[in-house]
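The explanation begins with a pocket lining and then turns to the domains.

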Amino acid sequence: MNNNLDYIKNIEYFKTLNEDKIAVIGNFLKEENYETEENLFIEGEKSNGIYFVKTGTIKIYKSSKDGKEQILKLCYAGESFNDVTVFSGNINPASADAVIKSTVFLLSKENLENLIFKYPEISLNIIKSLTDKLRFLTGRIEDLSLKHTQERIGNILLLFEGQKLSQKMIADIAGTAREVVSRALREFSNQNIIRLNKRDIEIIDREKLKTMIEK
């Protein structure tokens with residue numbers, strides 16, 4: 001696990017710790033590999049613990065009975081997910097799939113609790129991380145309940161700027177149909193706000209896009 005020190009140092013929970021402590025933490029992390037679209041866990045099942053992204057992208061989502069997905073968050077290198085099951089309850093509140101080939105670290109609830117007692121400074125990092133997540137989810141609720149579809153799509157482009165997003169993924173995040181996303185992107189493109197390059201979306205006028213979604 002020593003070859004993972006650089007990855008572990010970028011994790012929000014542990015980034016303030018020195019290398020000796022991070023080396024100890026590395027002994028408790030289980031590395032898991034997932035192929036594109038492979039499932040990590042399913043909503044409603046018993047949790048295995050908290051996950052940290054080493055490489056790749058993980059989508060956290062909820063599914064309706066008819067199979068429709070609502071993406072709650074996309075997690076990238078250094079980010080944690082399924083945190084809530086470690087601190088409250090033991091059931092996965094959502095499902096998780098690898099968007100692309102990904103590697104994650106898994107840390108059990110028991111091992112995290114032991115590490116917190118061993119290195120109390122982790123607690124402050126956890127509080128900050130959970131606060132950031134709460135702020136993010138509050139913004140998502142505002143987007144879904146108060147903003148028009150075009151504003152939501154524009155906000156998603158800004159939020160995930162530089163990341164590869166398919167139109168289906170944008171639709172699942174925005175809670176709308178793919179056709180609606182396609183129309184919005186064409187409109188943004190016609191106004192020279194974005195540039196569409198096959199599957200890539202490049203923002204070429206951030207200020208104009210921000211002004212549009214903040215009206």
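α7 supplies the largest share of the lining of the largest pocket, 4 residues. Helices (H or I, at least four residues) and strands (E, at least two) are DSSP runs numbered from the N terminus. A pocket is defined on a 1 Å grid over the protein atoms alone, as an open set of points where a 1.4 Å probe fits, with protein on both sides within 12 Å along at least five of seven lines; lining residues have an atom within 4 Å of a point. The model is predicted, with local features requiring pLDDT of at least 70 and side-chain atom pairs pLDDT 80 or more, while totals for chains, interfaces and linings use all residues. Residues are numbered from 1 along each chain as its sequence is written, and side-chain values use heavy atoms, with hydrogens and water left out.

The largest pocket is lined by 25 residues, and Val99, Lys164, Leu165, Ser166 and Met169 lie nearest its centre. Two or more lining residues come from each of β5 (69-75), β7 (95-98), α7 (167-174) and α8 (178-190). The lining comprises 11 nonpolar, 5 polar and 9 charged residues; Ala, Val, Leu, Ile, Met, Phe, Trp, Tyr, Cys and Pro count as nonpolar, Asp, Glu, Lys and Arg as charged, and the others, Gly among them, as polar. The space in the largest pocket is about 660 Å³, where a volume is the space filled by probe spheres set on grid points joined across faces, edges and corners.

The centres of the two domains, taken over C-alpha atoms, are 28 Å apart. Their contact (heavy atoms within 4.5 Å) takes 6 residues from domain 1 and 9 residues from domain 2.

The area buried between the domains is about 720 Å², with carbon and sulfur atoms giving 62%; buried area is the accessible area (1.4 Å probe) that two parts lose on being put together, summed over both. On the domain 1 side, Ile71, Leu74 and Tyr76 lose the most area to domain 2, together 57% of what that side buries.

The second largest pocket has a volume of about 430 Å³. Among its 19 lining residues, Asn82, Asp83, Val84, Lys133 and Leu137 are the closest to its centre. α5 gives the most to this lining, with 5 residues.

Definitions and conventions
Domain bounds come from an automatic or database domain assignment.
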